[in-house]
Amino acid sequence: MSSIRHDWTRDEVASLFALPLPDLLLQAQQVHRQHFDPASIQASTLLSIKTGACPEDCKYCAQSGRYATGLDKEKLLQIEQVLEQARAAREQGASRFCMGAAWRSPSERDMPQVLEMVRQVKALGLETCMTLGMLDAGQAERLAEAGLDYYNHNLDTSPEYYGKVITTRRYEDRLDTLDHVRQAGIKVCSGGIVGMGEERQDRIGLLMQLANLPEHPASVPINRLVPIPGTPLGEVEAIDEIEFVRCIAVARILMPASYVRLSAGRESMSASTQALCYTAGANSIFLGCKLLTTDNAEPDADRQLLARLGLRLEAARAPLYRDAMIPRHAATTPA
Ligand code: SAM
Ligand code: DTB
Ligand code: SF4
């Protein structure tokens, strides 16, 4: 059984990245099978509950108010608008509903509405996730009391590369938010973005940071940069797809019991690369036509690809017709 470690060294992680691809994939698959059914994929659906005009300067982001990205801004949505989207996500087969806001951190004025969203989405039988920026300890506790299951807050990149991407909040601020979330008893969802012009050493640094947290995040989103025209990273050359697959495999090996999410960037990814990512241990995706502001793979295309690969969506807590959508006979029975 692969052990859960929090003392990964840079040399160890670099050696994993440098393995011949078949060896890396074999190791990732062995680890994956010790903790998960490799045919089962968890699906979350995203909704932007407050869009654009963000004061932060994250150089990849469509929603920063500092860049002319042509995005339509939207105020905090009403609860009924959120519930309508959550019901649709449930119908599509998502087990978790993730609500994101373009905030540096939630204001006290908005907290009651946000807490009510958690309660009511949860009442639909969906797991809840929120990503609202930095949280203090009290805010994390109130979200936990409302029943929030997951909080997404990404480290984004290595501590060394971080200053080239974001200057308005510190790496330590992110680690503090993750501490508050963990201490409140909410499951941590934390990962990062690759393909922002960083070197492999930064990808190693990011994955080491995540794997050496006091507890591994329950969910680790690996985003491939979606280049947004108008942002400082809008013209960056795309990361090599095999290097991306290596990132997924190394994340799987370092954090054996965590869900590794093949996150943003799937829309422009070939079916073969996605298949390699699942083979490398990715076992979670965003399902739905939209991420926060950009397009995601079409749900029908996802269902077809999963069926071709013999994979199926992980069961949600609520009764769904999901199992009827991907016929059982199309799925491989795990050993
Ligand atoms: N405003 C909150 C925050 O940043 O903490 C929550 C929303 S923010 C959009 C959530 C995450 O989405 C970011 O940390 C980043 O990792 C990811 N993200 C944003 N824009 C992206 C892009 N263009 N390509 C890939 N990932 C992106
Ligand atoms: C995460 O790691 N990726 C998601 C979610 N957490 C909030 C966001 C991806 C955003 C992609 C760009 C956009 O749609 O604006
Ligand atoms: Fe704002 Fe989040 Fe975008 Fe950064 S990533 S600009 S904090 S919405």
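An oxygen atom of ligand 2 lies 2.8 Å from an N or O atom in the side chain of threonine 294, a polar contact in the sense of a pair of N or O atoms within 3.5 Å. Of the accessible area of 410 Å² that ligand 2 exposes when taken alone, the protein buries 87%, areas being computed by the Shrake-Rupley method with a 1.4 Å probe. Asparagine 154 places a polar side-chain atom 2.8 Å from an oxygen atom of ligand 2, and a polar backbone atom of leucine 292 is 3.0 Å from an oxygen atom of this ligand. The shell around ligand 2 comprises five nonpolar, six polar and no charged residues, where Ala, Val, Leu, Ile, Met, Phe, Trp, Tyr, Cys and Pro count as nonpolar, Asp, Glu, Lys and Arg as charged, and the others, Gly among them, as polar.

The model is predicted, and local features need pLDDT of at least 70, side-chain atom pairs pLDDT 80 or more, while totals for chains, interfaces and linings use all residues. Residues are numbered from 1 along each chain as its sequence is written, chains are lettered from A and ligands numbered from 1 in the order in which they are written, and side-chain values use heavy atoms, with hydrogens and water left out.

Turning to ligand 1, an oxygen atom of this ligand is 2.7 Å from an N or O atom in the side chain of aspartate 156, whereas a nitrogen atom of ligand 1 lies 3.0 Å from a backbone N or O atom of valine 226. Ligand 1 has 550 Å² of accessible area on its own, of which the protein covers 89%. Its shell divides into nine nonpolar, five polar and three charged residues.

Key. A polar contact is a pair of N or O atoms within 3.5 Å; within protein, one must be able to donate a hydrogen and the other to accept it, and residues adjacent in sequence count only if both atoms are side-chain atoms.
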